[in-house]
Amino acid sequence: PAAAAAGGAASAKDLIRHDIANAVRFGLETGVFLGRSELGGDDLTALYAWVNLLRQSFPGERERAQLEWLLRELKALQTHGGGAIASASFDGLMQAWDFIGKPAPGTRWQASWRLCRASAASDFDVHGGYPCALWTLLHVLTVSSASGGASPEVTLQGIYGFIGRFFSCNECRENFVKSNPDPLHDVLGKASAIGISSSRALIVWLWAEHNAVSRRLNKDGRAFELERHIHQRPRIVFPEPDRCRSCRFDDDKGGRAARSGRLRASMPEQRDLEYLSNQMSQGPNAKFRDMLLNPGAAGLAAKAASRGTLTSQNEVWNFEVLYSFLVHTYCFDDAKLRCPRTSPYVQPPPGSSWLHVGGLLLAFGALCLVAGLRPVSAVLKYLRRTTKSPKQRN
């Protein structure tokens, strides 16, 4: 980033952009050919879907151009390889790929993390390294679906194929697929049927999935087994209250809500729960997602039984504020991508823009009547004058 190159302090978005670029390359170099000597068939289709998503939705014109080059070269390798890509050919392509700098001759590229570096993990309440950066990348890609990137359908297919086939954690891949057997129908289809925009559904669904994984890892004790040298604090639900106080409703009757400054209400938007929750609880992630989302008595009982440390028993989400917070945190502005200025909740009905224009014209007409019709006569006189030829005007 320019600020970092000039010696200035890097912004939060600069740190995010650095880490997600490293996550892209690290995931390709370590995950695509894990346990494979060549790539073809459905695996190759999933790789194309992932790179195609990245070339449309990754922030930065140069980065998107390099991803376009990568997709073109992959297809050339497939043609030369008789329908498949060999591991050695892919390694050579990675050496030549100038996405975030080429490795020196005779050396291999090494990932570096800034926001997700291990020494800073305790400050951000996340585990460092590739898992942290990959989750950040997925959040950025879902937000890009609302800001000029790939469509929500293309985004979801790309994410699902990459996690389901190329993520290096076998158990994580299995849990993700079991918990989301048909995400296009269960997330986007269900949301569309009740009037929720696809981009909103995708953004909030990934938030729920991410927090469900954190809940499950806390419950299983996995948060400390692999990375206990980083920090000992449990994973918490994102966003933390001090980062977005209004993302949570506070439904108690006492004065704690007034002291905390959070909003108070009895229930969240029911429509969000309808497409986010999985009533069948298929897979471990879905079970913990239901516990996170269900604000009723059954949900509170499940939370108490789980003895989780992630949420208090009266935590209920304000999805409207949460959506705006996620978009603000993970959106980027460049020549193609534009941060949304509004939070689309329900798609406007057809013709609503013309109704708005009609209302403005009626308001203008009423103002003219109050002013004694003088503005109208002045406008008509000006229009008649501008339609005449120069000779007629003189």
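This is a predicted model: local features need pLDDT of at least 70, side-chain atom pairs count only at pLDDT 80 or more; totals for chains, interfaces and linings use all residues.
Residues are numbered from 1 along each chain as its sequence is written, and side-chain values use heavy atoms, with hydrogens and water left out.

Staying with E209, a second polar contact, of 2.9 Å, joins its side chain to that of N285. E209 sits in helix 11, residues 198–220, and here helices (H or I, at least four residues) and strands (E, at least two) are DSSP runs, numbered from the N terminus. Is E209 buried or exposed? E209 counts as buried because its relative accessibility is 0%; buried means under 20% relative accessible area, exposed over 50%, and partly exposed in between, with a 1.4 Å probe and protein chains only. Once neighbours within four places in sequence are set aside, E209 is in contact with W135, F176, S179, N180, N285 and R289, contact meaning heavy atoms within 4.5 Å.

For the overall picture, the protein comes to 20 helices and 4 strands, and buried residues make up 43% of its 394 residues. Of the contacts with a separation of 6 or more, 70% are accounted for by residues 24 or more positions apart.

Now to a pair of helices. The axes of helix 8 (residues 152–166) and helix 10 come within 11 Å and cross at roughly 150°, the axes being lines fitted to C-alpha atoms, for helices over the stretch in contact, with angles that run from 0 to 180 degrees between N-to-C directions. Helix 8 and helix 10 are therefore roughly antiparallel to each other, a label given to angles over 145 degrees. At this meeting of helices, P152, E153, L156, Q157 and Y160 in helix 8 touch P183, L184 and L188 in helix 10.

Within helix 10, residues 183–193, the buried residues include P183, V187, L188 and A191. Seen down the axis of helix 10, its buried residues fall within an arc of 70°, so they line one face of the helix, the arc being that of the directions from the helix axis to the C-beta atoms. Just after helix 10, G195 takes a positive phi of about 85°.

L138 is placed in helix 7, residues 130–144, and counts as buried at 4% relative accessibility. Neighbours within four places in sequence aside, L138 is in contact with W50, I159, I163 and L206.

Two local details remain. Q66, in helix 4 (residues 61–80), is buried with a relative accessible area of 18%, and a polar atom of its side chain lies 3.5 Å from the backbone nitrogen of D98. Finally, the peptide bond from F238 to P239 is cis, with omega near 0°, and P239 lies in the loop between helix 12 (222–225) and strand 3 (248–250).

Notes. A polar contact is a pair of N or O atoms within 3.5 Å; within protein, one must be able to donate a hydrogen and the other to accept it, and residues adjacent in sequence count only if both atoms are side-chain atoms. Angles under 35 degrees count as roughly parallel, over 145 as roughly antiparallel, 65 to 115 as roughly perpendicular and the rest as oblique.
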